[in-house]
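User: Could you walk me through this model, one question at a time? I'd like the cut-offs spelled out as we go.

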There are 2 protein chains.
Amino acid sequence: MAIRCSSFEETARAGQARTGVLKLPHGNVQTPAFMPVGTAGSVKALDPRDVTATGAEIVLANTYHLWVRPGHEQIEALGGLHRFMNWDGPILTDSGGFQVFSLKEFCKVSEDGVKFRSPVDGAWRFLSPELAIEIQEALGVDVAMVLDECIEWPADKERVQRSTARTTRWLKRCLDARKKPEKTAVFGIVQGGFYADCRIEHAQELAEMDLDGYAVGGLSVGEPKDSLLEMVQVATPHLPTKKVRYLMGVGYPWDIVEAVIRGIDLFDCVLPTRSARFGGLFTELGRINIKHARYKDDPEPLDPFCTCYTCRSFSRAYLRHLFISGEALAPRLLTLHNLTFYQRMLDRLRKAIEEGEESVELFRQEVWKWERRFGEPAPVEQRSS
Amino acid sequence: MAIRCSSFEETARAGQARTGVLKLPHGNVQTPAFMPVGTAGSVKALDPRDVTATGAEIVLANTYHLWVRPGHEQIEALGGLHRFMNWDGPILTDSGGFQVFSLKEFCKVSEDGVKFRSPVDGAWRFLSPELAIEIQEALGVDVAMVLDECIEWPADKERVQRSTARTTRWLKRCLDARKKPEKTAVFGIVQGGFYADCRIEHAQELAEMDLDGYAVGGLSVGEPKDSLLEMVQVATPHLPTKKVRYLMGVGYPWDIVEAVIRGIDLFDCVLPTRSARFGGLFTELGRINIKHARYKDDPEPLDPFCTCYTCRSFSRAYLRHLFISGEALAPRLLTLHNLTFYQRMLDRLRKAIEEGEESVELFRQEVWKWERRFGEPAPVEQRSS
């Protein structure tokens, strides 16, 4: 019997959509859940109290960034990542692979691992499955992700099969490298490119390995959106129902709803945080770019339905003024809103799932209305799923 | 009898130093007080709750910046500056003169006012004493400053006398232009360059005019520090004891203590906020620049004596990491500390004044010790006052 520090319990179901509780060493996470991204040990522009105020129960940090700066040994010596960033809740880290592979020509893959040139200091570094686990265990996070090979889209089937086989071999090396299974769970990653049969085969292979949790990876790499949802849809039925399912790097509110309907429990994405820093806001009245001159004299809050500090306290006119003036307060207030918007959406989605499939479908239709730009008429016909 | 919306009451005295209460339409201010600077309607990187948490009871905003962007009419239409920035406490604005005169070759002074080229939009604008009051009353601030002529250091006596006479004529025009004396107090500004007799003469002249409050202006323009304190020392005895005295644009903690000892009640300065954004922190152990490699592994808080959120929550190592990584959270956490440091200093200074001259002198000696860099030995001999 494997030592486990995590568990997942499904609590309600509506079609393939489900609610659940992911239990981790630093606390429980209600799913479906969205993890704000705290790349370098900070959800950009927010302090940990702010993050809690948005409703987030778990944050994601990036192994690669923390490894390069300040270094995992330093963070471990300072008491681990939780203490370092003063976040008491669960933390999940990616493996560092996604960042390394995105360096493209500055990255060389072999069976051993990935050699790459760091953009921070220009030095060549080497990341192996074993090191990915070592770093994440040193950080002391609740969930470590295995190192997987990330390939481009499109890629031919033979390349996908070879790469997926390597990902499986690396996964086994990751599991063998674990030294703290009582502190850090390890999630595997289903690959298989954009071939349904490869996805199904890999999902089945990993399901048999009874991992702590399962991610669907290698998506959001430039493919059409329908392909992404199709790959999710074919893979999830082959994953164990008693384990959490995580769709990495997704996405827009409407993408999240569609993926939940296809059986996904966990998400992360830089979209709400990064978009906020560029003035892009999500609201129930549609998408806003706060830079727009139409908000110059607008006394209304960003989103009249939102309960966040930003919406309770400031007008669009003031937020636009802060943004245009380059005030440091703008990114914080806007990030606070977007993340609260996401968490409120997940909260409503969980309630809809508890109510049943009809509520989920109604909520799905409502979320698609948010896709339009603010001031545009709501679409009469909804997008088919 | 003039209509007044402000009053000042001295509550304790130790030598020339005094505590008091400045009563303004949006609340009371315990003096000596330090006003954080919220140039464009935001204390940079902080939200209003943060500003309150530092202990600040009043903030300063810059007339010039708000006039140029977003415009005082717009702010008035949105319900005034208090509502715009969601700050319920008192607000004081400068007149805009200091910013305009600092444009130097892009500014032309006449008896009517100042013509200048705006760095924001390149357009020529004209600021008169009447307009300075109109803008500030439109903003709805608690205290408006009169438009004064700011001249360079050094300047010959004849130039200082001519300029001071114009400042007095402009002051009278400002008072004549007031339309909302029940809402916005107007403080005069004592000029006189660096000639003690000119300072005394101008202080006496303004004292007879029974203004709402008195600022000492035209200082911190490049002169030696002893000259600044000397001008404060010669002017304050000629100002009415029943009115608040404000030293504009000062300064370091030790400068503030020295000026309080010479009879000043009110201060503003960008130093704690701007310095924080460049990594410069004030602590009771000395000054810190958080960029320094010595803090790389330092688990201690910035200042073990400080009660601010930053010092309660994070290590120097983490703060350095945020700063080096360019994280948006760094300026906020560092600003929060510096402003809290200032407010705690003022709080202790008020208590020392209540205790008497001996306590003030002991506290003065302590504050001078903070001038050194962190890690330097405390000086044995104190600087003479």
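Analyst: Let's start with burial: a residue is buried if 20 or more other C-beta atoms lie within 10 Å of its own, exposed if 12 or fewer, and partly exposed in between, with C-beta atoms placed from the backbone. This is a predicted model, where local features need pLDDT of at least 70, side-chain atom pairs count only at pLDDT 80 or more, and totals for chains, interfaces and linings use all residues. Residues are numbered from 1 along each chain as its sequence is written, while chains are lettered from A and ligands numbered from 1 in the order in which they are written.

User: Is Ala45(B) buried or exposed?

Analyst: Ala45(B) sits in the loop between β4 (33–35) and α1 (48–54) of chain B; helices (H or I, at least four residues) and strands (E, at least two) are DSSP runs, numbered from the N terminus. Its phi is positive, about 80 degrees, although Ala45(B) is not a glycine. Ala45(B) has 24 C-beta neighbours inside 10 Å, so it counts as buried.

User: And Lys104(A), buried or exposed?

Analyst: Lys104(A) also belongs to a loop, the one between α5 (97–101) and β7 (107–109) of chain A. Phi is positive there too, near 55 degrees, in a residue other than glycine. With 9 C-beta neighbours inside 10 Å, Lys104(A) counts as exposed.

User: Do the copies meet through the same surface or through different ones, and which elements of chain B touch chain A?

Analyst: The contact takes 31 residues from chain B and 32 from chain A, where two residues are in contact if their C-beta atoms, placed from the backbone, lie within 7 Å. Because 100% of the interface residues of chain B are also interface residues in chain A, the copies meet through the same surface. On the side of chain B that touches chain A, the elements giving two or more residues are α3 (72–77), α4 (81–85), α13 (316–324) and α14 (329–355) of chain B.

User: How do the residues on that side of chain B divide into nonpolar, polar and charged?

Analyst: Ala, Val, Leu, Ile, Met, Phe, Trp, Tyr, Cys and Pro count as nonpolar, Asp, Glu, Lys and Arg as charged, and the others, Gly among them, as polar. For the side of chain B that touches chain A, that gives 17 nonpolar, 8 polar and 6 charged.

User: Which element gives the most to the side of domain 1 of chain A that touches domain 2 of chain A?

Analyst: Chain A is assigned domain 1 (7–269) and domain 2 (276–369), with bounds from an automatic or database domain assignment. Contact between them involves 24 residues of domain 1 of chain A and 25 residues of domain 2 of chain A. On the domain 1 side, 5 residues come from the element that gives the most, α10(A).

User: Is Arg166(A) buried, partly exposed or exposed?

Analyst: Arg166(A) is part of helix α7 (residues 157–177) of chain A. Leaving out residues up to four places away in sequence, Arg166(A) touches Glu111(A) and Glu149(A). It has 17 other C-beta atoms within 10 Å, so Arg166(A) is partly exposed.

User: How many residues of helix α6 of chain B are buried?

Analyst: Helix α6 (residues 129–139) of chain B is mostly covered. The buried residues include Pro129(B), Gln136(B) and Glu137(B). Out of 11 residues in α6(B), the buried ones number 9.
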